[in-house]
Amino acid sequence: MLLSKFKIRIRYMALAFILMFGGLTLSWVFASYYFEIMTMDYNAPDLVGSKEEIRHNFIAAISTWEVFVDSSMFYLINYIPILFILPTLGLFTEKRSLYVLGRHRFPLIKKAVYKDVIQYVLLSTFTVVLTYVIFYTIGGIFVYRNLDNIGGFASILPNEFYSNHPYLFFIFMVCTIYLSLAFVFSLLACALVLLLDREYKVILSILIIYFLYGKLGVYTQSVWFDIFSSFTAFNTLYSTLEVFLPLVILFIISIILLVVGVNKTVKNPES
């Protein structure tokens with residue numbers, strides 16, 4: 001049983017890593033105009049200089065931390081929570097098999113379900129953080145800092161921290177707000193897995209919650225609902241603490257849904 005669980009979780013973690021890393025890379029390739037630079041016509045009459053010189057100048061212009069991070073999230077921001085919660089979908093396999101056919105092996109089935117949920121949330125969060133750390137570490141080899149001030153999220157850090165340590169700033173961002181986003185959305189996803197019967201319903205529900213919550217933040221101009229700014233913490237006017245506020249209500253909702261979902265699974269494991 002342990003081996004089966006391990007295989008399920010590793011498979012979903014690997015899938016999430018590949019899709020997230022690939023998505024960040026592709027978004028950067030197209031949103032930063034790197035693809036256009038590499039495929040453009042260098043014989044155009046309005047371009048002056050050799051092909052190598054022109055290409056070098058264009059690439060140098062986009063090789064900044066600010067362009068790198070912003071462009072890597074440009075397309076993903078529309079569905080980024082789905083990539084964050086992919087590993088939690090493996091809980092469906094355990095729900096359909098272990099909680100039904102193997103429930104007699106658990107002395108306390110409710111405790112076992114909560115334990116599995118916690119493990120999936122932590123594994124999902126770890127996958128997100130690891131993916132971003134690797135992506136930014138690789139990117140950091142080729143990019144340089146252009147701006148001196150990256151926005152409000154750096155407010156908790158010493159003055160000029162970003163200008164002196166841009167790589168450490170983004171690692172700080174990943175290990176704080178992105179870690180928290182991954183944790184809360186993964187917790188919400190696990191609750192929905194226990195409540196719903198199909199993977200696509202969980203994915204659609206997460207997207208609907210994400211957009212409705214974000215739109216509510218836009219219309220009310222309330223920091224408590226502006227989840228979009230939490231995902232773009234590298235470019236926000238909110239302070240470090242304020243960026244975390246939209247997660248508070250989502251966390252409470254997730255806990256409530258989780259309790260309902262666990263009770264539903266214990267009483268009717270086949271649903």
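A: Gln221 is found in the loop between α10 and α11, helices being DSSP runs of H or I with at least four residues, strands runs of E with at least two, numbered from the N terminus. This is a predicted model, in which local features need pLDDT of at least 70 and side-chain atom pairs count only at pLDDT 80 or more, while totals for chains, interfaces and linings use all residues. Residues are numbered from 1 along each chain as its sequence is written, and side-chain values use heavy atoms, with hydrogens and water left out.

The phi of Gln221 is near 55°, a positive value in a residue other than glycine. Gln221 is exposed, at a relative accessible area of 64%; exposed means over 50%, buried under 20%, and partly exposed in between (1.4 Å probe, protein chains only).

The buried residues of α13 are Pro246, Leu247, Leu250, Ser254, Leu258, Gly261, Val262 and Thr265. They lie on the same side of α13 because they cover an arc of only 105° around the axis, the arc being that of the directions from the helix axis to the C-beta atoms. An α-helix has 3.6 residues a turn, so residues three or four places apart point the same way. The face of α13 turned away from the buried side carries the exposed residues Ile256 and Lys267.
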